[in-house]
Amino acid sequence: MPEDGPFLEIDPTRPSVARMYDYYLHGKDNFQVDRDAADRVAQAMPEIGELALENRSFLRRSVRYMARRGIRQFLDIGSGLPTVGNTHEIAQEIVPDARVVYVDSDPVVLAHGRALLATNEFTTVAQADMHRPAEVLGHAERTGLIDFAAPVGVLMIAMTHFLTLDEREGVMAPLRGALAPGSHLAATHVTTEGHAAAAVEQIEAAYAATPTPIYFRSKTDIAPFFDGFTLVDPGLVTIDGWNPEDDDADKPVKDVGKWLYGGVGRII
C-alpha cells in the first residue's frame with residue numbers, strides 16, 4: 001500500500017527529469033516545458049527514445065537476475081513514472097510476494113504511484129530525495145516492507161549521473177552501510193566515451209534547467225559508484241552488453257545502449 005504523506009507542489013513551469021523520461025517513453029504524464037527540454041536533448045542524442053527503452057530493458061534484466069538469486073525485497077530509488085514492466089511486476093512474476101518500495105521526489109510520480117499501487121499489499125511508493133540517503137532509508141524502513149537485516153536489491157537506474165562527484169560518497173556510503181551481505185546494486189550512468197563533446201554539453205545544458213542537473217562521465221569515474229560491491233559478470237559495460245542470463249524477454253539492442261554504462265554489484 002502506498003505510504004501516506006504530503007505531496008510536494010507540482011511545478012508545470014520547470015522541466016522535470018521524471019516527466020522528461022516519461023516523454024522519452026511515449027508517456028502522457030508530461031507538460032510542454034518537459035517536452036521542450038526533452039526535444040533539446042533529442043537534437044544532440046537522436047536515439048534518446050530508444051535509449052530510454054533500453055534503459056528500462058536493463059532494469060528488467062537486472063531485477064530478474066536478482067530475484068532468481070534470492071532477492072525478495074527491492075528498493076527502487078528515483079523510480080520515475082510508472083510504465084510497462086515496472087520493478088514490482090517483474091519481481092513478482094518470479095517471487096509473487098516480493099516486496100518493492102519505490103522512492104522518488106517528484107510529486108507526479110507519487111500521485112501516479114499511489115493510484116497504481118493502492119491494492120498491492122507488497123508494494124508501495126515513498127517520497128524522498130536520493131541526495132538525502134538517511135531520508136530514503138528511513139522512508140523505506142517505515143513502510144514495513146524493507147528489512148535491512150536481509151539482502152535488498154537496490155536499483156539506481158539512470159540515477160547516479162545526477163550526483164556530483166563530491167556527493168557520490170555522501171550518498172553511496174550510507175546506502176552501502178545499510179545493506180546486509182548478499183544485497184545487490186543495479187545502476188546505469190551516462191558516459192562521455194565515444195560521444196562528441198558538443199553533444200554532451202548540449203544535453204547537460206538541457207538538464208541544467210531542471211532541479212537535477214546531469215553529469216556525463218568516463219567509465220573510470222563511474223566505477224567508484226560500485227565501491228564496496230563485487231561486480232557480477234560481465235562487469236561494468238555499456239548496457240547493450242549486459243545480459244548475463246541471455247534474457248530473451250529483454251534482449252539488448254546492439255549499439256543503442258552505448259550512451260550508458262551499467263552493472264550489477266553484490267555485497268559479499
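Axes are taken here as lines fitted to C-alpha atoms, for helices over the stretch in contact, and the angles between N-to-C directions run from 0 to 180 degrees. Helices (H or I, at least four residues) and strands (E, at least two) are DSSP runs numbered from the N terminus. The model is predicted, and local features need pLDDT of at least 70, side-chain atom pairs count only at pLDDT 80 or more, and totals for chains, interfaces and linings use all residues. Residues are numbered from 1 along each chain as its sequence is written, and side-chain values use heavy atoms, with hydrogens and water left out.

The axes of helix 2 and helix 8 (residues 197-207) come within 8 Å and cross at roughly 175°. Helix 2 is therefore roughly antiparallel to helix 8, a label given to angles over 145 degrees, whereas those under 35 count as roughly parallel, 65 to 115 as roughly perpendicular and the rest as oblique. In this pair, Ala37, Arg40, Val41, Gln43 and Ala44 of helix 2 meet Ala199, Gln202, Ile203, Ala206 and Tyr207 of helix 8, contact meaning heavy atoms within 4.5 Å.

Helix 2 (residues 32-44) also packs with helix 1 (residues 17-24), at an angle of about 70° and with the axes 9 Å apart, which means that helix 1 is roughly perpendicular to helix 2. On the helix 1 side the contact involves Arg19, Met20, Tyr23 and Tyr24, and among their partners in helix 2 are Val33, Ala37 and Val41.

The largest nonpolar core has 80 residues, and those with the most contacts inside it are Tyr24, Phe74, Leu75, Met156 and Tyr207. Such a core is a set of buried Ala, Val, Leu, Ile, Met, Phe, Trp, Tyr and Cys residues joined through side-chain atoms within 4.5 Å; buried means under 20% relative accessible area, exposed over 50% and partly exposed in between (1.4 Å probe, protein chains only). Helix 3 (residues 48-67) supplies the largest share of this core, 9 residues. Leaving aside residues up to four places away in sequence, Leu75 touches several residues, including Val101, Val136, Phe148 and Leu155.

Some backbone features lie in loops. His26, in the loop between helix 1 and helix 2, has a positive phi of about 70° although it is not a glycine, and His26 counts as exposed because its relative accessibility is 65%. Asp246 likewise has a positive phi, near 50°, and is found in the loop between strand 7 and strand 8 (260-266). A cis peptide bond, with omega about 10°, joins Asp233 and Pro234.
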